[in-house]
Amino acid sequence: MCETLSKVFPREKVGMLHGKMHANEKEIIMHAFAENKIQILVSTTVVEVGMNVINATGMIIYDADRFGLSQLHQLRGRIQRGNTQGKCWLLTDNKSQDVLDRLNVLVRSNDGFEIAKEDLRLRGAGDILGTRQSGVPDLILGNFVEDAKIIETAKKDAEKIVEHSENPDYVSILESVRLANLEKSTYVD
């Protein structure tokens, strides 16, 4: 992509940034981009956080359907840091109506909480303690979006139980949770 863009825009300096680069090399590239010595930056999602370049006003995200809405929201947040109107193009070959509806959430909203909630509703929570990043979690009952209040209450109760783990009323609860998750978990001391 970097080579192609260098040919298409021969008068512009094109730079490349990715996570396998050494930290000092990434910093040099970002500094050159911030000083407009690089006008076009081809990058992986390594720019998702920490990039604050005032003159970055356009972003094209290829295969946008492969990213979660929250990550896309973070990525597009890297542009329009100054006074100039920014534009973010989300490209996908996927013509599925579900995919297009999901990406349109970003067209309708700039509210990160609303976007995250909609992403959770559409893609599911995945495996919170595992590696699956989307889909239906292993919950027997409940819905993360609709049952947010009861989940918050359960979280507070769980924190209380953990904070007072020596309480005899809580010992059997903690032991049953530990045993139920023994095969799925790795404990680090």
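This report describes selected residues, surface features and ionic pairs of a predicted model.

## Basis of the values

The model is predicted: local features require pLDDT of at least 70 and side-chain atom pairs count only at pLDDT 80 or more, while totals for chains, interfaces and linings use all residues. Residues are numbered from 1 along each chain as its sequence is written, and side-chain values use heavy atoms, with hydrogens and water left out.

T92 is placed in the loop between β4 (87-90) and α4 (97-108); helices (H or I, at least four residues) and strands (E, at least two) are DSSP runs, numbered from the N terminus. T92 counts as buried because its relative accessibility is 18%, where buried means under 20% relative accessible area, exposed over 50%, and partly exposed in between (1.4 Å probe, protein chains only).

The T92 side chain makes a polar contact with the side chain of D65 at 2.6 Å. A polar contact is a pair of N or O atoms within 3.5 Å; within protein, one must be able to donate a hydrogen and the other to accept it, and residues adjacent in sequence count only if both atoms are side-chain atoms. A polar atom of the T92 side chain also lies 3.0 Å from the backbone nitrogen of N94. Leaving aside residues up to four places away in sequence, T92 touches D65, L100 and L103 (contact: heavy atoms within 4.5 Å).

## Strand β4: C88

C88 is found in strand β4 and is partly exposed, with a relative accessible area of 28%. Although C88 and I60 are 28 residues apart in sequence, their C-alpha atoms are 5.8 Å apart in space. Beyond residues up to four places away in sequence, C88 touches M59, I61, R76 and I79.

The structure holds zero disulfides, a disulfide being a pair of cysteine sulfur atoms within 2.5 Å. Another cysteine, C2, is buried at 18% relative accessible area.

## Salt bridges

The count of salt bridges is four, each defined as a side-chain nitrogen of Lys or Arg within 4 Å of a carboxyl oxygen of Asp or Glu. Among them is the pair K37 and E35, whose closest N and O atoms are 3.0 Å apart. K37 is exposed at 55% relative accessibility, whereas E35 is partly exposed at 39%.

In helix α6 (residues 148-163), K155 and E159 are four residues apart and so are separated by about one helical turn; their closest N and O atoms are 3.5 Å apart in a salt bridge. The side chains of E175 and R178 form a further salt bridge (2.8 Å, N to O), and both residues lie in helix α7 (residues 168-181).
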